[in-house]
Every structure is written in structure tokens, then in C-alpha cells.
Amino acid sequence: MDNQHNPEKDRIGQAFALARAEKPAYADLYPFLETLFLLRAGGKSAARPERFELSAEHARARWEGSFPLLRRWEFPLDTEAAESLLEMIAGSLPEDNVQLKGAHESLSRALANHPEQRTAIWRSFLQHEMEPWEEWLDVAGVDTASLLFLARNCLRPSVELVAEDLLQRFPIPKEWLKGYCPVCGSLPSLLFLEKDGQRNGYCSWCGTSWGLNRLQCCYCDNRFHESLGYLYAEAETHYHIQYCNLCKYYFKLVLTGELLYPPYLPLEEWTTLHLDLLAQRAGFKQPPSPSPVVYGDAPA
Amino acid sequence: MAGKSFFIDTTRCTACRGCQIACKNWNRNEGSLTKNTGSHQNPPDFDANTFKLVRFSEVENEGKVAWYFFADQCRHCLVPPCKDVIEGTVPDSVIQDEATGAVVYTEKTAEAPLDDVRESCPYDVPRKKDKGPFVKCTMCIDRVSNGLVPACVKICPTGAMNFGDRDEILAMAKDRVEKLKPRYPKAQLLDANEVRVIFLVVDDPRKYHKKAVASLSPGIQRPAGKSTLAGPARRVLKTVLGV
Ligand code: SF4
Ligand code: SF4
């Protein structure tokens, strides 16, 4: 484990301290999520995924053609780093979370039983339209959502590092105002509005942030103001649920100008679950993750 | 603990009064009965329903009229003289929040003597509700302890109102003074070492408001050029003991 000071870990600690005071309703989630995010942050300093080779011309051409730089299954991965993260997570799985424990067991067993296929097993979780991991994993009785959650969390450090490296080499052009991530084409898990009015997306897959139009549905690109709106709870005016009346999808938005500290978005994804309920009760749907514009319509 | 601070950059203020309204809104304070006094400043002064007040001053600068705006409020002194005076009569009635440094009056302050309390504050901030407690800005302690910025800061559209950890705010304020100095040689921070609400002005503070700095309050002086943390304590001695 790294002994170096990691500012990301400080941010995580601060975000959880605030959340514990501010949102006690989610108390049950905090111990596991905090450990998970800290492990992910540590994993990120340790992971060394290969560089994704791309020329400047190719990057520009992709963006000009409205394509992201790469597809989810093209991400280089440091599978060893993912595996050590999987091992470390074992000790902090919540006692009563049978699904997560089952998923952990199944994945660990598959990796142990097929050592020569480890890379293929890990890479299989980059897919979203098929379930290739079933070739190696015993999935009987295993909850798919838990399995994906676990595997993709272990891969997240690699994915973020690849995205960050690409963005360092190729800064996102200002004109990229698509509703999907310029790096991987996923839809945002959250939106955030800065004090100066700049609206941004936060990628659900690789953690990239990018600029959006102020009025725009990230799912169907509708920009007609009369069919776009938002809901909010009076006690939490720093969150909006932005919906589109054409496609009926919604996105959660954090107004960061109201917050004392920059929000830690991976945690906000969880501590805004009550807003999902609110949105869904109002008849709106949760967006699927990879954008259909890039990946085609994925099964629900 | 360093706690929190505000930085109020008057050069960015457009006097929209958003902060004044946001403050009323958050604190559920009613409107104040007021009348036209020939100034855009409205109401004319702090009152029991107005904890934040944008002061307007018309000044003459080299033959030209200039408007100075001063979004006034309690400074949340590091060593608050009002606390000492109030608690001289009613012990434990003023809270100085440990995490933020906010000076917050409780209902118990109702019993404290009006004149003494008003006089104790070098910025003439505290007001009293009819037969009720003393009132003033609370640093939106209920918002801040939930990770939100104060209502006035949230609303300010120009970046005049800023809030955060004291170290960062002090650095931001000093940096801004340095940037402004070449164009405004009189750019200065007001009582920065003694208060948590740090104003930046670019002219003689008197031109903004007669109580913009502590040293402008009659009978309350700090040794010239020697602004120290002991300042507010000295003010208390002066106010309470007349020394
Ligand atoms: S500015 Fe006045 S009211 Fe505010 S803490 Fe200081 S002395 Fe008290
Ligand atoms: S909200 Fe900002 S710009 Fe408006 S009056 Fe207050 S300090 Fe000035």
C-alpha cells in the first residue's frame, strides 16, 4: 500500500464527515462506501494501465464526427491492480449484504480457477450488451447488478487513469457540448452547475467532467425550453432533478455554488437516491448509461 | 481552530441587493417599514428584520460623483466585544461556534441592556426585537453546518460575497488587494486580523460607511498602526470599564 499523502483520500474523508452530519438517513451506506472509495483512491495511485495510443489527428477527427475517443471495451486495464482491489474489498463487504458477498465469491473463484483467462475475465466486464463473463463465472444465484458493481469498481482506477491521460493529451474542445462523455460516450450519472452558470456532466463510467449547454436533455439532445423542466425539494434547493418531457428521462443536478466544499460526486451519486425516487414517482425514467447515440439502444 | 470567514470585495458589488433579500428570505425576516430618504439605501439602517444591508454612498472623486456600495453585516469578531457585554448581564447567552467561529445570539439575550450592547459593537450591528432577543447575522450557521454557503454568498451574482475556510479566504483577500493596488493605491482590507467578515475597499473606508472599520467608532480606538488580536478585547475594556 502506498504511504504517500493522497489528497483524494482527504477529500473523501471530508465528504463522508459532512454526509454523516447532513444526511444521516444514508448512515448504513457510509462505512462500506467510504472504505470502497478510499481503496479506489489508493488503487488509482498503484494502477498502471497501458497508454491508449491515439494520434492528435485521430482524436480531433473522432470529436469532429461526434464520437468519443474510445468505447468502453477498448479501455486498457491493469488487471493486477483490479485483482488486488478485489482482495482488499473482501474484508469490508457489509455482513448482511448477501448479494455482494455472493458476487465477490463468484468472481474470486473464477479468477482462481482460470488463471490464464484473468485478463479476459476482467475485460468481459467492459461490455454492456452481452454477459461474456458467464463463460468463466458460476452465476447461478448471483445478483448481476452486484457483480457488475463489484467488478467495475475494481476496474475504475484503471478506467479513470486512462481517461485522465487522454484528457491531458487532448483537451476537450469547447464546442463539445454533447450530452455524452467525450472520452467514452457514457451518459452522465450527475450534472453539476457551477457558480458562474456553467453546467457540466460527470461521466458515470470514467469520471470525466465536461461542459454542457444550460438547456439541453443529455439523453435526446432536446433543447426546446418548453419541454425541459426541473423538480426540487424545498429542503434541498441545491439539488435539481432536470427532466425532459419529450423522452421522459431525467438527470440529477448539483448546484455547487451553494456548497461550502466541492462535492465528491461518486458519493453524491449515492446520497441523492431519494431524488431518484422523487423523479420516478413523477413519471420520469433513469437514463441508461452508455449513450444510445454512441452505442445503439442497449437492453434495459 | 481557524474556522470560517467571508471576503466581501466591494469592487465587485453592483448593489443588486440580492444578498439583503436572500438574508431576509433565509431568516424568514419580514420587510421593514421604511420611507424614502433620498438614497437608494433601503431601509436606512440595520433593524430587527434586516441583518444584511447594502449601504450606498455618493462621494465626490476628483470632481466626479462616484457610488460606493458596502454590503454591511456583523463581522463575527474573533474576540467579540458584544459577547462580553451581553454575557456581563446574561451569562451563556451568546454562542461562539467552535467549528466556524460564528457569533450567534440566543433567546436569552433578551435580558441584556440595549444601549450597552449597541455601544459595545464597533460596527453598530446588534438590534433588538421588541421585548425579544438581540438579533444580527448568524453566519447562516444552520446552512454552514450542513455544508452549504451562507444565503448571501449563494445568491451574489458577481463574486463580491465569498465564504470558506479562513486561511483560504485570507489568501484570496490578500491576493485581490495585490491585484488592485496598481490601479487603486488605497486598496485595503478592513480589520482583517480581528474579524471574520473581511471587506476590501479601494478608498478611505469612511467614504463607504462611517462605521466601516472599528477605529472609526467614537471612543473605540486601536493604537495607530498596531492592529492586534487584542484589539476587540481592548474595546471591551474601553466600553465596559471606561479605561
Ligand atoms: S461585529 Fe459587532 S455584533 Fe458582530 S460579533 Fe463583532 S461586536 Fe458582535
Ligand atoms: S448580492 Fe453581491 S452584488 Fe448584490 S448587493 Fe450583495 S454583495 Fe453586492
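Biologist: Which domains of chain A supply the lining of the largest cavity, and what makes them domains here?

Modeller: Domain 1 (7-169) and domain 2 (190-295) of chain A each give at least three residues, with bounds from an automatic or database domain assignment. It's a predicted model, where local features need pLDDT of at least 70 and side-chain atom pairs count only at pLDDT 80 or more, while totals for chains, interfaces and linings use all residues. Residues are numbered from 1 along each chain as its sequence is written, chains are lettered from A and ligands numbered from 1 in the order in which they are written, and side-chain values use heavy atoms, leaving out hydrogens and water.

Biologist: What makes something a cavity, and what is the volume of the largest?

Modeller: On a 1 Å grid over the protein atoms alone, it's a set of points where a 1.4 Å probe fits but cannot get out; lining residues have an atom within 4 Å of a point. Points join across faces, edges and corners, and the volume is the space filled by probe spheres set on them. The largest comes to about 230 Å³, and of its 18 lining residues, A:Ala15, A:Leu18, A:Pro263, A:Tyr264 and A:Glu268 are closest to the centre.

Biologist: Which element gives the largest share of that lining?

Modeller: That's α1(A), with 6 residues. Helices here are DSSP runs (H or I, at least four residues), as are strands (E, at least two), numbered from the N terminus.

Biologist: Why is the pair A:Tyr219 and A:Tyr249 called tilted?

Modeller: Rings of Phe, Tyr and Trp (its six-membered ring) pair if their centres lie within 6.5 Å; planes under 30 degrees apart are stacked, over 60 edge-to-face, and the rest tilted. These two have centres 3.9 Å apart and planes at 40°, so tilted it is. A:Tyr219 sits in the loop between β3 and β4 (228-233) of chain A and A:Tyr249 in the loop between β5 (236-244) and β6 (250-255) of chain A, so the pair ties together parts 30 residues apart in sequence.

Biologist: What puts a residue in the shell around ligand 2, and which are the closest?

Modeller: A heavy atom within 4 Å of the molecule does it. That gives 14 residues, with B:Cys13, B:Cys16, B:Arg17, B:Cys19 and B:Cys156 the closest.

Biologist: How many residues around ligand 1, and which come nearest?

Modeller: There are 15, with B:Cys74, B:Arg75, B:Cys77, B:Cys82 and B:Cys121 nearest.

Biologist: What is the average pLDDT of chain A?

Modeller: On this per-residue confidence scale from 0 to 100, chain A averages 93, and 98% of the residues score at least 70.

Methods. 1 Å grid on protein atoms, 1.4 Å probe; cavity = no way out; pocket = protein on both sides within 12 Å on 5 of 7 lines; lining within 4 Å. pLDDT = per-residue confidence, 0-100.
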